[in-house]
Amino acid sequence: MSKDLLPIGRFARLCRLSVKQLRHYDDLGLLAPAWVDPASGYRYYRTGQARDALLIGLLRSMDVPLPNVARVLGGEGGALAEARDRVESDVARRRRALRLLDRVVAEGLPETEVSVVREPARRVFVARESATPATIDRATSACATRLLPRLGPGGLLVGLFPLDMGDEFDVRVAVQHEDGDDLLPGGRFAAALHTGPYEEIALTVHGVLAWFGDYGQTPAGPVREVYLNDPATTPPEHLETRVMIYVEDPR
């Protein structure tokens, strides 16, 4: 056995990792032992592997996903930049949540004025993006950017979001256009006007959903957000968005 080989326990202490973590990283192909005793299955590592092991531990302490860690170890420079963007996006999302929480603490849950309206079917073009709760704003913006050239005077831009948002879901944005290749269904909707930043729309959505509970109705997705003015020229506190959720017709 080479003199620079360390048993897994000593190597773990050197690298400030646990034996369990080292075994897991071996199983994933991130950091294989230099030698495995064929009789006992015991793992041994070279001292020269400590730098990679320490890097793995450092990146994991900063919540860098393991696939990105593997790419960093493989020499892909862009993997760290992607991880940084992910952390920055998560920080921005948490800051938005904090501002929303501050408003609720200061003012309580807002009263939402809900009315039932009948909406006509509309011809639309639709853009789709896969999203997570952390990337929903970015996905919505990407869809809207693709559709803005089709938005004519008096047309509508509508965000479409699932009622149940899991770990990953589709965000859709529709733009009204007479030549649209898709149909946005009409019908009866519970609707409320949200005035203020887009990041606070969740308060109005919850108010509309509460209306369904109050009146014994069952909501049907998707949640529609109809954007009534241009965020490029309208201050965030004056943005107007109509929130709409489909109400089944009485039988």
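Trainee: How many aromatic pairs does the structure hold?
Mentor: This predicted model holds 7 aromatic pairs.

Trainee: Why is the pair of Phe189 and Tyr246 called edge-to-face?
Mentor: The ring centres of Phe189 and Tyr246 are 5.5 Å apart, and ring centres within 6.5 Å make a pair. The planes of the two rings stand at 75°; planes over 60 degrees apart count as edge-to-face, so this pair is edge-to-face.

Trainee: What parts does the pair of Phe189 and Tyr246 tie together?
Mentor: Phe189 belongs to strand E9 (residues 187–195) and Tyr246 to strand E11 (residues 240–247), so the pair ties together parts that are 57 residues apart in sequence.

Trainee: How do you know whether Phe189 is buried or exposed?
Mentor: Its relative accessibility is 2%, and buried means under 20%, so Phe189 counts as buried. Tyr246, with a relative accessible area of 24%, is partly exposed, because that label covers values between the buried limit of 20% and the exposed limit of 50%.

Trainee: What makes Tyr198 and Tyr227 an edge-to-face pair?
Mentor: Their ring centres lie 5.4 Å apart and their planes are at 65°. The angle is over 60 degrees, so the pair is edge-to-face. Tyr198 is in the loop between E9 and helix H7 (201–214), whereas Tyr227 is in strand E10 (residues 219–227), so parts that are 29 residues apart in sequence are tied together.

Trainee: Which label does each of these two tyrosines get for accessibility?
Mentor: Tyr198 has 31% relative accessibility and counts as partly exposed. Tyr227, at 15%, counts as buried, because the value is under 20%.

Trainee: Why is H4 called roughly antiparallel to H5?
Mentor: Helix H4 (residues 66–73) and helix H5 (residues 78–107) pack at an angle of about 150°, with their axes 8 Å apart. Angles over 145 degrees count as roughly antiparallel, so H4 is roughly antiparallel to H5. The contact is made by Asn68, Arg71 and Val72 of H4 together with Gly78, Ala79, Leu80, Glu82 and Ala83 of H5. These contact residues divide into 4 nonpolar, 2 polar and 2 charged.

Trainee: What makes phi of Arg16 worth a remark?
Mentor: Phi of Arg16 is near 60°, a positive value in a residue other than glycine. Arg16 lies in the loop between helix H1 (8–15) and helix H2 (19–27). With a relative accessible area of 77%, Arg16 is exposed, because exposed means over 50%.

Key. Residues are numbered from 1 along each chain as its sequence is written. This is a predicted model: local features need pLDDT of at least 70, side-chain atom pairs count only at pLDDT 80 or more; totals for chains, interfaces and linings use all residues. Side-chain values use heavy atoms; hydrogens and water are left out. Rings of Phe, Tyr and Trp (its six-membered ring) pair if their centres lie within 6.5 Å; planes under 30 degrees apart count as stacked, over 60 as edge-to-face and the rest as tilted. Helices (H or I, at least four residues) and strands (E, at least two) are DSSP runs, numbered from the N terminus. Buried means under 20% relative accessible area, exposed over 50%, partly exposed in between (1.4 Å probe, protein chains only). Axes are lines fitted to C-alpha atoms, for helices over the stretch in contact, and angles run from 0 to 180 degrees between N-to-C directions. Angles under 35 degrees count as roughly parallel, over 145 as roughly antiparallel, 65 to 115 as roughly perpendicular and the rest as oblique. Contact means heavy atoms within 4.5 Å. Ala, Val, Leu, Ile, Met, Phe, Trp, Tyr, Cys and Pro count as nonpolar, Asp, Glu, Lys and Arg as charged, and the others, Gly among them, as polar.
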